[in-house]
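Subject: Structure handover

Hello,

Here is the structure I promised to pass on. Please open it first, then read my notes below.

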Amino acid sequence: MVSTVVFFTVIVVAVLNSPGWLEVKRAFFSGERFREDLPGITRAFWINVKLFPTAEVLILVLALFIAVLRSLPGPVFFPIRALAVGYTDLFRGVPTILVIYILGFGAPSLQLRGVPKSSFVWAVVALVLVYSAYVAEVYRAGIESVHPSQIAAARSLGLSRWQSMRFVVLPQAVRRVIPPLLNDFIGLQKDTALVASIGVVEAFRTSQIDSAQTFNFTPYLATALLFVVITIPLARFTDALIARGRRRREAGGTT
């Protein structure tokens, strides 16, 4: 405790005594601007909150489907596995901001009948495509962590390959990958700020507008605070799940 207090005291003293502190304080820590801009940024932050669970549900379903396709055995399923590999490689390789740009500006420009023009819709689509590639690999790791003998035992009891996957493999795989899935969703929550680039007026875009009007950067600090308030509880929940899983493994090993 003493070392922690000393460490942060040194940092605070160094910052407060730096030559540019007064200018930084005026530009980033204006109490007046914070009080005036926070309500509007908070209202816009609900767009981020809506983006997050909408994309998360779709990601969980699509990523699991891709992981199952990539886990199909036998040479007859090679084309399907190749498509799944190509999908994960493509969307893990392209930066998220570029996918958002390409879909957000490109798809509506096609002017095809039935293609939505809403920036919110294409923001969700872009996030789902990118994060499904990452989450599919997490699912696949969970599937491959289940020992093949369990599948063989299920088949010997008369279950089909699909039934073995559904009732034996997937329940264990999903339970094992919950902590890394939550870590991915922490990243997803933060990346909802990237959709401001295609015109979605969410918290970050609102802070940009407020900052441009007042030439003060305090709105960015308010936006960062809102994201921290959301992500820290989820991060601590993830740590608790990891710790609980470790205790269970240690208890099983002792037994």
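Leaving aside its neighbours within four places in sequence, which residues is Asp184 in contact with? They are Tyr131, Tyr134, Val135 and Val138. Contact here means heavy atoms within 4.5 Å.

Before the rest, some ground rules. This is a predicted model, in which local features need pLDDT of at least 70 and side-chain atom pairs count only at pLDDT 80 or more, while totals for chains, interfaces and linings use all residues. Residues are numbered from 1 along each chain as its sequence is written, and side-chain values use heavy atoms, with hydrogens and water left out.

Back to Asp184. It is found in helix H9. Helices are DSSP runs (H or I, at least four residues), numbered from the N terminus. Asp184 is buried, with a relative accessible area of 18%; buried means under 20% (1.4 Å probe, protein chains only). Asp184 and Tyr134 are 50 residues apart in sequence, yet 7.9 Å apart in space, C-alpha to C-alpha.

Next, the helix pair. H6 and H9 pack at an angle of about 165°, with their axes 10 Å apart. That makes H6 roughly antiparallel to H9, a label for angles over 145 degrees. Axes are lines fitted to C-alpha atoms over the stretch in contact, and angles run from 0 to 180 degrees between N-to-C directions. From H6, the residues that meet H9 are Leu127, Tyr131, Tyr134, Val135, Val138 and Tyr139. From H9, Pro180, Leu181, Asp184, Gly187, Leu188 and Asp191 meet H6.

Now the cores. A nonpolar core is a set of buried Ala, Val, Leu, Ile, Met, Phe, Trp, Tyr and Cys residues joined through side-chain atoms within 4.5 Å. The largest has 41 residues. Ala55, Ile59, Tyr139, Ile143, Leu181, Leu188 and Val195 touch the most other members. Helices H3 (31–70), H4 (78–93), H5 (96–109), H6 (119–145), H8 (161–176) and H9 (178–191) each give two or more residues to this core. H6 gives the most, with 14 residues. Not counting residues up to four places away in sequence, Tyr139 touches Leu60, Ala63, Leu64, Ala67, Val174, Val177 and Leu181. A second, separate core has seven residues, including Phe45, Ala222, Leu226 and Phe227.

Asp37 touches Asp210 and Pro219, not counting residues up to four places away in sequence.

Best wishes

Technical notes. Buried < 20%, exposed > 50% of the residue type's maximum accessible area, 1.4 Å probe, protein only. Parallel < 35°, antiparallel > 145°, perpendicular 65-115°, else oblique.
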